[in-house]
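Please open the model in your viewer and keep a selection panel at hand. The stops below say what to select next and what is there.

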Amino acid sequence: MTAQELIKQNNEKRELLHVPNKVYYEQLMVYIRTKLLLSEQKTEEILMDMLDHLLEAQEDGKSAKDVFGENPKAYADDVIEQIPQEEKRDMVKFWGRMAFQLLAYYFIARGAILFTIAYFDEVPDNRIYLIPSLIQLALMIFIVWLLIRLLFRQLNKTAFDGKNAKGRWKEYVGAGLIGGLAMTLIALVNWFLPYFGPAAPFPPASSIGVGAVFLLVSWILKRTEWQS
């Protein structure tokens, strides 16, 4: 069974847990899943074993604390030590897929913006400048990577603090501000970065077409992740 199939089955089986057991288990699950360097396949297999064990114990009238102990974080740390790290090949495949998605959004957004400008004004310069474009893409990839790392680190840090959705409003506001600042930084760089170096005509329709191809490549990579 693939990691994605295990996740789907996990989502269905968790609904069978009583509320206190479900809260306890989901805290364990979030804490373990947000360790990005662990093997996703092994992580999901172990989480499923834990869930099946808890469901059996629940039928016998036992609680999650009876099964896993009073200190869920300590238990989760012991479990994490048993999970191997993700293989480099799978890490490259994951981040490669993310890069193709960003490239797709970049080219589709570029084409849409040029089409919009041409509709209201004269046809803008549709050439693509190699060096400024590479700088913009590198900045976007770095910021998205940084935001993902920060998000997962925050989720991991607060997995056992017992806050519900309402209690996390400060975190949501903070995440929104950081995301807004990141987008503002990208926009400012795009605005002030001068056009220079080699350039070639790249009409809006071609830009959207290339973006669609990159989206297709990203989708194919995701399918291969599910089947590996």
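**Before selecting**

The model is a predicted one, in which local features need pLDDT of at least 70 and side-chain atom pairs count only at pLDDT 80 or more, while totals for chains, interfaces and linings use all residues. Residues are numbered from 1 along each chain as its sequence is written, and side-chain values use heavy atoms, with hydrogens and water left out.

**Stop 1**

Select Asn21, which sits in helix α2, residues 19-33 (helices are DSSP runs of H or I with at least four residues, numbered from the N terminus). Asn21 is buried, at a relative accessible area of 5%; here buried means under 20%, exposed over 50% and partly exposed in between, with a 1.4 Å probe and protein chains only. A polar atom of the Asn21 side chain lies 2.8 Å from the backbone nitrogen of Ala64. Now show the residues that Asn21 touches, leaving aside those up to four places away in sequence: Leu54, Gln58, Lys62, Ser63 and Ala64, where touching, or contact, means heavy atoms within 4.5 Å.

From that list, move to Gln58, which is found in helix α3 and counts as buried at 11% relative accessibility. A polar atom of the Gln58 side chain lies 3.0 Å from the backbone oxygen of Leu16. Beyond four places in sequence, Gln58 touches Leu16, Leu17, His18 and Asn21.

**Stop 2: salt bridges**

Side chains of opposite charge can pair when their charged atoms come close. A search of the whole structure finds 6 salt bridges, each being a side-chain nitrogen of Lys or Arg within 4 Å of a carboxyl oxygen of Asp or Glu.

Select Lys13 and Asp52, whose closest N and O atoms are 2.7 Å apart in a salt bridge. Lys13 lies in helix α1 (residues 3-14) and Asp52 in helix α3 (residues 40-59), so this pair ties together parts that are 39 residues apart in sequence. Lys13 is partly exposed, with a relative accessible area of 24%, and Asp52 also counts as partly exposed, at 24%.

Next, select Arg14 and Glu26, whose side chains meet in a salt bridge at 3.0 Å, N to O. With Arg14 in helix α1 and Glu26 in helix α2, 12 residues apart, the pair links distant parts of the chain. Arg14 is buried at 10% relative accessible area, whereas Glu26 counts as partly exposed at 25%.

Then go to Asp77 and Lys73, which form a salt bridge with the closest N and O atoms 3.3 Å apart. Because Asp77 and Lys73 are 4 residues apart in helix α5 (residues 72-82), they are separated by about one helical turn.

**Stop 3: nonpolar cores**

Which residues have the most contacts inside the largest nonpolar core? Select Tyr25, Ile32, Met50 and Phe68, which hold that place in a core of 20 residues; a nonpolar core is a set of buried Ala, Val, Leu, Ile, Met, Phe, Trp, Tyr and Cys residues joined through side-chain atoms within 4.5 Å. Helices α2, α3, α4 (64-68) and α5 each supply at least two residues of this core, and the largest share, 6 residues, comes from α2. Apart from this core lies another, of 13 residues, among them Tyr106, Ile128, Ile186 and Phe202.

Finally, return to Tyr25, whose contacts beyond four places in sequence include Asn10, Arg14, Leu17 and Leu54.

Note on methods: Polar contact = N/O pair within 3.5 Å; in protein donor to acceptor, adjacent residues only side chain to side chain.
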